[in-house]
Amino acid sequence: MTPQRVIAVTGVSGRWGRAVAEALLAQPALHVLGIDARPPQRRINGLDFIKADIRNPLLVDLLRAEQVDTVVHLAWRERQQRREADFESNVLGTMQFLGACVEAGVEQIVLRSSTAVYGARPENPVYLDESFPVAARSSYASVRDMVEVERFLAEFAAEFPELRLAVLRFANVVGADADSPFTRLLRLPVIPSLLGFDPLLQLIDFEDAVRALVHTVLTRAGGVVNVAADEVVSLCQAAGMAGKPVLPILHLAVYWTLPAAGMTPVTRRARRYWPLEPDYLRYPWTAGTERMRADLGFEPMWTARQALQRFVEAQRIAPYTASSEKQAFADDDLDVIIEDRRRSQPTGQEG
Amino acid sequence: MEDIPVMERSALRCAARINNTIPCPNTAMAGSAYCWAHRNLQVAEADDDLLPVDDLTTPPPLASGDNNDDETPDLFVDDRLASTEAPSPLPEDDAIAVNDRMAGRVDGSSAQSDRMAQEFARFARTAQLLAPAGTPLPSPEEMERILRRLLGPLYDRFSGGLGDYLNPDVVKGLFLVSAYLLRSQTASMRRRMVGDYELDDFGRDAAFLGVVMPLAQALYDSYWRVEVIGAQNIPDSGRGLLVSNHSGVLPFDGAMLGLAVYNETPSNRLMRGLVASWFPTLPFVSIFLQKIGGAQASPHNAELLLERDELVAVFPEGIKGVGKLYRDRYQLQRFGRGGFIRVALRTGAPIIPVAVTGAEEIYPMIAQLAPLAHLLGMPFFPITPLFPWTGPLGFLPLPSKWWIEFGEPIDVEQYGPRAAANPAIVARLTEQVRSTVQQMLLKRLAQRRSVFLG
């Protein structure tokens with residue numbers, strides 16, 4: 001029997017971790033190790049789940065003992081509001097975990113980031129390529145943490161050149177299972193926008209994003225790569241496709257009131273209606289995807305408008321499929337049980 | 001409008017006949033066989049020297065013409081038929097209208113009433129056919145009678161005009177055409193509403209261009225009366241870098257330059273303008289520039305566009321150009337850091353110097369308020385004779401006369417792409433282009449007599 005490649009996926013109970021782990025498990029000759037502080041809500045077929053926090057210092061021993069070859073680090077807490085616990089998990093946790101990976105002799109680390117780290121500013125060219133500085137100055141905790149991690153990664157990669165460190169910077173992720181700032185924006189009943197501004201937005205289908213991560217694992221690629229679908233959509237166009245009314249607000253009013261709203265717990269809720277910061281609804285932050293094609297060799301399956309159309313259609317049928325989904329979950333469970341029993345039999349194929 | 005002269009009533013009746021049948025009940029004007037309403041007949045008859053002597057006291061019959069229709073004096077109030085029929089509401093040189101009237105006169109009322117009866121009968125028949133089953137409808141004869149009573153008098157008056165519209169085929173055709181127009185218009189609006197339109201990667205919107213272009217064309221042709229000189233220097237295909245002076249607070253000069261390129265090239269070429277980073281921060285301006293094909297002025301964008309063999313316009317003066325005071329007009333500012341030359345050298349694109357004359361005067365900026373600009377995050381806050389005190393009127397650009405002159409292309413390929421790294425070559429070329437544009441401007445200004453008339 002050929003030695004199996006061992007891949008560890010952190011944050012496996014989250015949307016990203018789950019989707020990536022499932023996609024990796026569909027590949028032959030991979031052993032997937034799922035790491036998370038809490039077990040997944042639904043069992044994942046064939047996943048070797050380990051309950052552990054990424055800051056656990058004993059993870060070095062685990063990674064070494066399991067002879068982990070590649071780590072896909074997807075544990076990430078996404079929040080607008082800054083919280084000490086999230087910062088510790090996101091930034092410090094990632095730093096410690098990456099240190100542990102190097103210590104354990106992991107060959108490849110794959111992380112997910114966002115094109116938001118470039119920052120939205122009026123002087124941005126249409127295609128921000130990977131060499132542009134990570135310069136976002138955001139008041140949103142998630143983007144801030146991501147920028148901090150990215151800066152750390154740049155140093156880290158320079159320090160350990162033998163490590164294949166792949167950072168995929170995704171554009172706005174859309175998909176029925178995705179939860180990104182942009183999907184939160186599109187799920188609002190009325191989409192807020194800045195009066196007189198209609199920025200171009202890049203999208204990527206959630207399935208495409210997962211495929212890109214899997215592709216990176218399989219090709220053992222490294223380096224920073226922007227991942228976005230072809231075409232752009234403007235905010236008004238996206239709102240039109242989603243069938244949502246747009247509420248344009250004078251930009252000065254937003255810029256003055258939004259920081260003030262963050263100061264009291266009651267008004268803080270207003271920021272829920274601005275999942276993307278005003279700058280990101282005003283200035284361009286579209287990224288160049290030349291390296292995605294040339295270096296990574298990845299081609300998204302859907303264009304931006306197709307991805308958005310898929311998302312919108314999934315949103316439309318969501319109210320009608322809630323009950324049938326529960327039934328599907330139940331079937332899934334039985335599936336898992338059958339599979340587990342088959343695997344646990346001593347005369348299995350792994351023999 | 002001049003007043004109808006006070007006339008003495010003569011005992012004579014007007015000699016004209018309404019519809020060639022009823023005699024005109026009005027009294028004739030003094031010294032004329034006709035009343036005021038039929039004065040044209042007088043002219044038609046009085047070929048040359050038959051004008052009566054006291055005609056000098058009355059206005060020349062044709063001069064006051066048809067425009068007195070609305071103000072028919074009470075003299076004629078008692079006879080509406082006469083006052084509406086005789087002075088033709090149509091222009092005299094309209095051949096069809098004249099023919100119609102002539103035909104009406106010759107055929108007489110019998111042919112006309114025949115036609116009317118035919119059309120009413122046809123209308124009544126069609127109504128019978130179109131009515132849903134079971135509708136209590138009068139018989140065709142009864143209906144024709146009603147129609148005749150209702151529309152008969154009107155038909156008489158508007159024969160040839162409204163008469164055609166009573167024709168069911170015409171009504172049906174009109175309905176179909178308007179239904180089609182309505183459907184196509186609402187369909188295109190609906191497509192916009194549901195986001196079913198395409199943007200290119202720089203956000204240019206072809207459908208938006210189609211809507212805006214006619215408006216811009218009106219500004220181009222009628223408002224600023226743009227005159228293009230040296231159109232043969234615009235490359236019809238292949239890459240090219242237009243380097244222009246910049247003026248006039250808001251980048252109207254860029255839009256007009258784009259339109260000049262569109263109008264003057266056989267292939268109706270669409271130019272790409274590089275816009276200074278201040279404009280994307282302005283509401284509406286940002287959307288507008290993006291949709292008409294603007295791109296943020298950065299070397300990355302310029303190189304990308306030139307690699308795609310596009311025609312790119314740059315305004316190296318940037319904000320300093322649009323924000324200069326009126327007293328500094330037509331004095332070229334520093335041409336940036338020569339970034340556009342480096343881009344041209346790297347991509348081998350020929351440089352076409354462009355001088356826009358006239359755009360400086362659209363918003364004469366008397367002064368600017370630096371503290372207020374700082375507060376609002378603007379590079380300058382303009383004070384013009386109309387802005388900001390007159391509110392929205394302050395955004396109205398003045399109708400100066402414009403010239404857009406395209407100079408001889410400057411070939412930079414001989415220097416090779418490595419020259420881009422040599423600051424000396426870059427500075428020399430920058431100065432060459434700058435002085436070319438300045439010379440073109442001065443030459444044009446020397447010939448200009450008036451800011452607004454040209």
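A: In this predicted model, Asp179(A) and Arg184(A) form a salt bridge, with their closest N and O atoms 3.2 Å apart. Asp179(A) has a relative accessibility of 30%, so it counts as partly exposed. Arg184(A), at 27%, counts as partly exposed as well.

Another pair in chain A is Arg79(A) with Asp86(A), where the closest N and O atoms are 3.0 Å apart. Here the two partners fall into separate classes: Arg79(A) is partly exposed at 33% relative accessibility, whereas Asp86(A) is buried at 4%. The cut-off for buried is under 20% relative accessible area, and therefore the 4% of Asp86(A) places this residue in that class.

Chain A also holds a network of salt bridges, which links Arg5(A), Asp69(A), Glu107(A) and Arg220(A). Over all chains, the count of salt bridges comes to 34.

In chain B, the side chains of Asp201(B) and Arg308(B) meet in a salt bridge, at 2.6 Å from N to O. Asp201(B) sits in the loop between helix H7 (168–193) and helix H8 (206–223) of chain B, and Arg308(B) in the loop between helix H11 (299–307) and strand S7 (311–314), so the pair ties together parts that are 107 residues apart in sequence. Asp201(B) is buried, at a relative accessible area of 18%, while Arg308(B), with 36%, is partly exposed.

The loop between H11 and S7 of chain B also contains Asp309(B). This residue, not a glycine, has a positive phi near 60°. Its relative accessible area is 39%, so Asp309(B) counts as partly exposed. Most residues other than glycine have a negative phi, and most peptide bonds are trans. Two further backbone features bear on that background. Gln67(A), also not a glycine, has a positive phi of about 55°; the residue lies in the loop between helix H2 (59–65) and strand S4 (70–73) of chain A. With a relative accessible area of 66%, Gln67(A) is exposed. In chain B, the peptide bond between Phe387(B) and Pro388(B) is cis, with omega about 0°. Pro388(B) belongs to the loop between strand S10 (382–383) and strand S11 (403–406) of chain B.

Salt bridges also cross between the chains. The interface of chain A and chain B has 2 of them. Arg305(A) forms a salt bridge with Asp196(B), the closest N and O atoms being 3.1 Å apart. On the side of chain A that touches chain B, strand S12 (233–234) and helix H7 (235–242) of chain A each supply at least two residues. H7(A) gives the most to this side, with 4 residues. By type, the residues of this side of chain A are 13 nonpolar, 6 polar and 4 charged.

The contact as a whole takes 23 residues from chain A and 27 residues from chain B. The size of an interface is often given as the accessible area lost when the parts come together. Chain A and chain B bury about 2100 Å² between them, and 58% of that area is on carbon and sulfur atoms.

H7(A) is itself mostly covered, with 7 of its 8 residues buried. The buried residues are Leu235(A), Gln237(A), Ala238(A), Ala239(A), Gly240(A), Met241(A) and Ala242(A). After the helix comes Gly243(A), whose phi is positive, near 70°.

The largest nonpolar core has 70 residues, of which Leu63(A), Leu98(A), Phe182(A) and Leu308(A) touch the most other members. Helix H4 (residues 141–159) of chain A provides the largest share of this core, 7 residues. Apart from this core lies another, of 39 residues, among them Phe279(B), Val285(B), Leu289(B) and Phe406(B). Leaving aside neighbours within four places in sequence, Leu63(A) is in contact with Ala8(A), Val68(A), Val71(A), Phe97(A), Ala100(A), Cys101(A), Ala104(A) and Val106(A).

Note on methods:
Residues are numbered from 1 along each chain as its sequence is written. Chains are lettered from A and ligands numbered from 1 in the order in which they are written. This is a predicted model: local features need pLDDT of at least 70, side-chain atom pairs count only at pLDDT 80 or more; totals for chains, interfaces and linings use all residues. Side-chain values use heavy atoms; hydrogens and water are left out. A nonpolar core is a set of buried Ala, Val, Leu, Ile, Met, Phe, Trp, Tyr and Cys residues joined through side-chain atoms within 4.5 Å. Buried means under 20% relative accessible area, exposed over 50%, partly exposed in between (1.4 Å probe, protein chains only). Contact means heavy atoms within 4.5 Å. Buried area is the accessible area (1.4 Å probe) that two parts lose on being put together, summed over both. A salt bridge is a side-chain nitrogen of Lys or Arg within 4 Å of a carboxyl oxygen of Asp or Glu. Ala, Val, Leu, Ile, Met, Phe, Trp, Tyr, Cys and Pro count as nonpolar, Asp, Glu, Lys and Arg as charged, and the others, Gly among them, as polar.
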